[in-house]
Amino acid sequence: MNFFFEVLIGGLLSGVMYALVALGFVLIFKASGVFNFAQGAMVYLAALSVVGCMEHGAPLWLAIILAFIIMTLFGIATEKFVLRKLVNQPPITLFMATIGLAFFIEGLAPMVFGSEPRALEIGIVDEPIEAILESANMVISKFDLVASGVAAVLVTVLALFFQYTRVGRALRAVADDHQAALSIGIPLQHIWAIVWGVAGFVALVAGMMWGARNGVQFALTFTALKALPVLILGGFTSVPGAIVGGLIIGASEKLAEIYIPPVMQSAFGGNFGGIEGWFPYVLALLFLLVRPEGLFGEKHIDRV
Amino acid sequence: MLYREAGQFKTTYAADQQLFPIRQDRLGVIALLAIGFVGVPLFASEYWFSAILIPFLVFSLAALGLNILTGYAGQLSLGSAAFMAVGAYAAYNFQLRVEGIPILVTFIMAGLTAAGVGILFGLPSLRIKGFYLAVATLAAQFFIVWCLTKFPWLSNNSSSGVISTQKMFIFGHEFDSPREKYLLVLSIVVFLSLAAKNMVRSSTGRAWMAVRDMDVAASVIGIRLMPTKLLAFAVSSFYCGVAGALYAFCYLGSVEPDGFSLELSFRILFMIIIGGVGSILGSYLGAAFILLLPIFLDIALPFFANLFGLPFSTATVSHIQVLVFGSLIMFFLIVEPHGLARLWQITKEKLRLWPFPH
């Protein structure tokens with residue numbers, strides 16, 4: 001039973017890491033209706049810029065600020081040079097454009113900052129917490145705990161930002177209805193630039209957490225693939241959905257990885273590891289059959 | 001002037017309903033087929049056959065399959081590579097396990113197997129729409145590739161699922177030179193393209209387009225959504241499956257499950273976006289573009305590097321390649337969101353008058 005809880009808590013904590021990436025998707029989709037496939041590449045770019053700045057001698061805090069500036073500028077440039085030109089195109093075209101953007105980043109970032117895998121030291125060690133290890137004999141990583149703390153702070157800050165600031169209110173208005181927002185004088189393009197900036201910031205946080213945990217390398221772009229099932233499970237438009245979806249996916253994926261392969265092995269023989277790759281997707285798919293708009297997604301009503 | 005249909009009168013229903021109603025189109029298609037079947041085999045080199053022409057035809061077929069599903073029926077799919085994998089492995093297994101089965105029947109069975117799997121993964125489309133469906137098709141992508149790696153029976157117990165395809169015989173003649181393989185692929189692709197062109201203008205195709213434009217409205221006017229959507233998944237997967245079988249048997253000769261990765265699915269999706277969503281011709285143009293672009297960049301980048309005296313390492317070249325590829329995708333989407341097929345349409349309209357001003 002102890003082992004079960006250890007896997008469960010480990011899964012929940014890694015789910016928080018997925019949710020960090022999924023948040024970036026949700027922010028952009030909510031505000032502009034763009035399904036931004038480049039979010040994974042942005043995570044990679046953010047982590048690389050932090051490491052790259054530190055290699056040029058900048059201390060950690062300066063590197064983070066520089067990376068934030070890079071991400072914001074990049075987000076604004078994306079909005080200005082790509083998305084603004086694609087206004088009124090069908091969503092699939094915008095989606096394809098963000099895949100192109102992902103390729104662009106994946107080519108550009110290693111050219112500027114170097115492609116070899118590097119470690120990112122942010123002063124948190126990835127080791128078990130001794131008190132829990134002794135009292136309950138469970139391995140709970142300190143790092144994961146800090147990461148979930150960061151995620152909690154991030155979500156709180158975002159929620160406050162959306163709820164109580166002028167810009168946040170404008171963002172919610174745009175998310176609700178582009179036309180109506182425009183007609184009461186909210187500058188749509190500024191808002192989109194801000195959204196991309198915020199998404200860049202979220203990518204930066206996610207990139208630092210993932211980079212510190214697994215090293216800064218090309219594989220960071222695949223975090224997007226981890227975030228997608230979280231996204232459809234929670235609903236594309238819901239910030240709490242991303243968090244809850246992340247927790248569900250993280251926990252069930254780790255439990256499935258431990259408990260399903262032995263069952264299949266005894267049934268068919270052979271090695272059935274690595275189901276982490278598809279299990280979240282199948283789980284999310286089955287879930288969608290019951291609730292087609294995800295857990296917290298807006299209910300879609302079709303009118304002819 | 002070159003492309004003017006004035007004076008071509010239709011006197012029978014058959015003439016009015018033919019596949020290419022304009023004479024210039026008919027002549028163009030016949031000329032293309034003549035070049036493809038006679039001209040190219042006479043002059044092309046071995047390299048052209050095995051590195052450019054065969055993959056071009058195979059990817060055109062896969063893009064055509066995806067175009068039927070995404071372009072005509074409006075269901076966005078990110079799992080086309082997985083259906084290609086199903087086709088490739090099904091063809092291998094039919095050849096392996098069924099004694100004396102003809103190779104063409106094998107390809108058809110491979111397509112049908114892929115169609116069955118496609119229907120299975122198309123079932124969620126009855127409930128889920130848009131990007132939710134796109135992400136759901138990723139489940140097919142990852143699950144199928146995982147199955148092919150983990151179930152040793154499917155690859156006849158070879159390590160890590162690699163299969164080497166069998167020899168191909170038709171009426172006792174072995175197809176093993178690149179030229180013969182090219183002709184075989186070309187015949188299959190031409191046949192399936194004509195079938196697709198016919199299908200999309202039939203009542204089936206019109207039903208697909210109605211569903212694409214608005215599925216609620218389509219169901220209100222009496223189109224049954226379930227058979228229509230599932231048929232689109234089945235036909236699309238059939239095309240992808242045959243393309244996968246040809247990919248394994250005629251192009252690579254030996255494939256592994258990881259070769260049918262998400263990246264391949266994206267490449268096929270790029271092909272139809274660049275070529276033109278909802279256009280048969282677009283599938284070909286897109287496949288040619290996406291296939292030739294990396295080859296072109298491979299040649300052009302070192303050339304430019306020498307020209308400006310920049311020392312490029314191979315790593316940098318590969319990064320620039322990815323970067324240029326991404327930028328070109330964005331550039332194309334901004335400049336011509338309807339794809340290369342639209343450019344061809346504009347050209348045709350210009351050709352009606354050219355070289356006269358009116």
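## Terms and model

Helices (H or I, at least four residues) and strands (E, at least two) are DSSP runs, numbered from the N terminus. This is a predicted model, in which local features need pLDDT of at least 70, side-chain atom pairs count only at pLDDT 80 or more, and totals for chains, interfaces and linings use all residues. Residues are numbered from 1 along each chain as its sequence is written, while chains are lettered from A and ligands numbered from 1 in the order in which they are written.

## Chain B overall

Chain B has 14 helices and four strands. Its radius of gyration, taken over C-alpha atoms, is 21 Å. The globule rule (2.2 Å times the number of residues to the power 0.38) gives 21 Å for 358 residues, so chain B is as compact as a globular protein of that length. The C-alpha trace of chain B spans about 65 × 65 × 45 Å along its principal axes.

Buried residues make up 44% of the 358 residues in chain B. A residue is buried if 20 or more other C-beta atoms lie within 10 Å of its own, exposed if 12 or fewer, and partly exposed in between, with C-beta atoms placed from the backbone. Two residues are in contact if their C-beta atoms, placed from the backbone, lie within 7 Å. Among contacts in chain B with a separation of 6 or more, 76% join residues 24 or more positions apart.

## Where the chains meet

The contact takes 35 residues from chain B and 39 residues from chain A. On the chain B side, α6 (130-150), α9 (215-220), α11 (262-275) and α13 (314-335) each supply at least two residues. The largest share, 13 residues, comes from α13(B).

Helix α12 of chain A (residues 279-290) has twelve residues. The expected span is 1.5 Å times one less than the number of residues.

## The nonpolar core

A nonpolar core is a set of buried Ala, Val, Leu, Ile, Met, Phe, Trp, Tyr and Cys residues joined through C-beta atoms within 7 Å. The largest one has 212 residues, and Ala47(A) and Leu246(B) have the most contacts inside it. Helix α9 of chain A (residues 188-214) gives the largest share of this core, 18 residues. Beyond four places in sequence, Ala47(A) touches residues including Leu120(A), Gly207(A), Trp210(A) and Leu220(A).

## Tyr92(B)

Tyr92(B) lies in helix α4 (residues 80-97) of chain B. Tyr92(B) is buried, because 23 other C-beta atoms lie within 10 Å. Leaving aside neighbours within four places in sequence, Tyr92(B) is in contact with Ile163(B), Thr165(B) and Ala248(B). Phe107(B) is 15 residues from Tyr92(B) in sequence and 9.5 Å away in space, C-alpha to C-alpha.

## Backbone details

Asn156(B) is in the loop between α6 and β1 (163-164) of chain B. Its phi is near 55°, a positive value in a residue other than glycine. Asn156(B) counts as partly exposed, with 13 C-beta neighbours inside 10 Å. Asn157(B) is also placed in the loop between α6 and β1 of chain B. Asn157(B) has a positive phi of about 60°, although it is not a glycine. Asn157(B) is exposed, with 9 other C-beta atoms within 10 Å.

A cis peptide bond joins Trp354(B) and Pro355(B), with omega about 5°. Pro355(B) is found in the segment after α14 (340-353) of chain B.
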